[in-house]
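Q: I have the model open and want to go through it. Can you take my questions in turn?

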Amino acid sequence: MREGLFIAFSLFTIAAASGVVLSRNPVYSAFSLILSFFGLSGLYLLWGTTFMAMIQILIYTGAIVVLFVFVVMLLNLQVNKESSPNFLIVGISGAAVWFFSLIILRVLTQAIPNTLPAIPTDQIRTISKLLFTRYLWPFEVLSLFLLVMIIAIFAITRTQEIPHGGEKQ
Amino acid sequence: MDAFLPVGILFICALLLCVGLFTVKRLLGPRNPVASKLSVYECGVKPEGNARAPFKTGFYLIAVLFLLFDVEAAFFFPWALVYKESLAQGPGLLIAMLVYMGLLVLGLVYIFRKDCLKLN
Amino acid sequence: MDWMDLIVTAVKTIVIYLGMVQVVPIMLIVERRGAALIQDRPGPNRVGPFGLFQPIADVIKMMMKEVAVPKQVNKALYILGPFLVLFPASLVIAALPFGDFFTLFDKNYILQVANIDVGILYILAIGSLGIYGILFGGWASNNKFSLIGAMRSSSQIISYEIPLGLAACSAVLWYGTFSLREMVTGQEGTILSVLPNWGIFYQPLGFLLFFVAAFAETNRLPFDLPESEAELVAGFHTEYGPMDFGTFFMAEYMNMATMSGLMVSIYFGGWHLPWISDATLLQWLGSRNLVALIQVLTAVTKIAFFMLVFVWVRWTIPRFRFDQLMRLAWKNLIPLGLINLVITALVLYFKGAA
């Protein structure tokens, strides 16, 4: 059951990721990115890390892709519609390539095990406690990093607006 | 992970509802395509100008600041989870978080001083 | 999980989901009659007794109106837009607790779709997906007003997600768990035998933050500038037909119900009656299932009260301007949220040290 779900989620993630790369319209790429992050979150769930799955959706899908979509909509790129491939078909063929390479690897090299590893229990508290004992220093440095990012963003976006087309920096 | 099986069932229910609504939308209702109905709506005036006019960077700024503060909040959650239990070992966690929050309050103060959010 | 478990869980999920979907027609009539009451006029009272069948008329009208898909829209995302909003609104109800548990064939089933151990994070995460429907729908419409409305609405929603998260974080801090069910279980009993042991007495500032942020998250007045009729035509759903409009509003009402459900679970004791504990109820009634019924009725009554408060505030307070809205979020609510976290942490520290 877990293995079946694993294959389903992996196929979905790879198909969506191929859609990101191969689609001509950047807004479609952003949408495929959301789908691929969902697939990834499903994979995290299969490993029992419910916390990571939710944080993945909260941060990646809920903040980072929002940023991408805002930027794409701001940039207003012109899409060359005639030559855009049907990204659904290309995405699915990419996933099929992955699937068959997985089978070939498993048959030829026996490197991929039959079952998924066991789900550990009470992961969230373990991770949280580790965060504040062993990884305390990176945790504080992260806060400093975020502060630097805030300052950098203001430095970068100091622009002047001009009426037609875009903005110059 | 077993707890998410009902969520899967809910997902299928929601999908069925969406498909149902879509079918209802397509089937019922008359179809009368007239040129004025099919064009861009601008309060009854003829539409003019590029539909995708340039926008202020204020929106981008809001999105980035939201991202940074969301990451900060994401780190508050594991702390909140284990804080009560760890108090037995002294104020370590409290001080760690006060340092973390202090640096971010500095960022917040910087944002307020720079006053860029008035752009919207 | 054997077959009986699976069937009961599936039926329970479907019942809870349909219950939440029923909120929409109920709110349609409550909103209009409530507005009429506040504005000193009758409101819809023609269709059925006291106008109670008005939602049926509204829904039939929405379904039968003409759907004119404009030429300039981006077909795929235009069609997907409303459903992208409805999906997260439907999925997010999975973590809301409606009662303790009921017994069927000697097995206990919890009165909740799923006992997710990261309940609050799940709700925040799936709730934050609601903005994609607005963004993609507004962009796909290829209309200046829609896009401005979409950008403003999403900026508003993301700005208020941080105070929401911070208020939820303080609640997690106080109860020491992410799971909503454990938070409600922790609110049993009384404080000094006078007040019920509810979250609002421990986290008043957190409740205030959550309350304000919930209004902004669901795009309700006083924060509904993106969809206000007088300002931006109809905001991001200008180019959409009647059924899509209906779908957007379904999602909005379901989001309101979820926010009310969250407020009730975290700050108002969830399914607990104010001074009567579950054990006393069990003594009076004898059957576990009857106690479960009372719990569900209590939870639903509390949620209904908060929905009424949503309607009440909408027709009482004037609308905020967009920059006032943003200033409120960034300059007032986020610092208050951080202060609330620090105060809760300090209180817990001194309580633990004592």
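**Working through the model**

A: A:Glu140 is partly exposed, because 15 other C-beta atoms lie within 10 Å. A residue is buried with 20 or more other C-beta atoms within 10 Å of its own, exposed with 12 or fewer, and partly exposed in between, with C-beta atoms placed from the backbone.

Q: What kind of model and numbering is this?
A: This is a predicted model, in which local features need pLDDT of at least 70, side-chain atom pairs count only at pLDDT 80 or more, and totals for chains, interfaces and linings use all residues. Residues are numbered from 1 along each chain as its sequence is written, while chains are lettered from A and ligands numbered from 1 in the order in which they are written.

Q: Which helix is A:Glu140 in?
A: A:Glu140 sits in helix α6 (residues 136–156) of chain A. Helices (H or I, at least four residues) and strands (E, at least two) are DSSP runs, numbered from the N terminus.

Q: And what is A:Glu140 in contact with, leaving aside neighbours within four places in sequence?
A: B:Val99 and B:Tyr100. Contact here means that the C-beta atoms of two residues, placed from the backbone, lie within 7 Å.

Q: How many residues does the contact take from chain B and from chain A?
A: Chain B gives 34 residues and chain A gives 41 residues. On the chain B side, the elements that give two or more residues are α3 (57–86) and α4 (92–114). The most comes from α3(B), with 16 residues.

Q: What is that side of chain B like by class?
A: It has 27 nonpolar, two polar and five charged residues. Ala, Val, Leu, Ile, Met, Phe, Trp, Tyr, Cys and Pro count as nonpolar, Asp, Glu, Lys and Arg as charged, and the others, Gly among them, as polar.

Q: Switching to cores. How many residues does the largest nonpolar core have?
A: The largest nonpolar core has 167 residues, and those with the most contacts inside it are A:Met54, B:Ala63, C:Leu121, C:Cys169, C:Val172 and C:Ala213. The largest share, 19 residues, comes from α3(B). Such a core is a set of buried Ala, Val, Leu, Ile, Met, Phe, Trp, Tyr and Cys residues joined through C-beta atoms within 7 Å.

Q: What does C:Ala213 touch, not counting residues up to four places away?
A: C:Tyr160, C:Pro163, C:Leu164, C:Ala167 and C:Leu333.

Q: How do chains A and B read along the sequence?
A: Chain B has four helices and zero strands, in the pattern α-α-α-α. Chain A has six helices and two strands, and its pattern is α-α-α-α-α-α-β-β.

Q: How much of each chain is buried?
A: In chain B, 34% of the 120 residues count as buried. For chain A the figure is 30% of 169 residues, and for chain C it is 53% of 354 residues.

Q: Why call chain C compact?
A: Its radius of gyration is 21 Å, close to the 20 Å that the globule rule gives for 354 residues, so chain C is as compact as a globular protein of that length. The radius is taken over C-alpha atoms, and the rule is 2.2 Å times the number of residues to the power 0.38.

Q: Where is the hairpin in chain C?
A: β1 (residues 99–104) and β2 (residues 107–111) of chain C pair in the antiparallel sense over five bridges; two strands pair if DSSP finds at least two bridges between them. They form a hairpin with two residues between them, and C:Phe105 in the turn has a positive phi of about 50 degrees. C:Phe102 stands opposite C:Tyr109 in β2(C).
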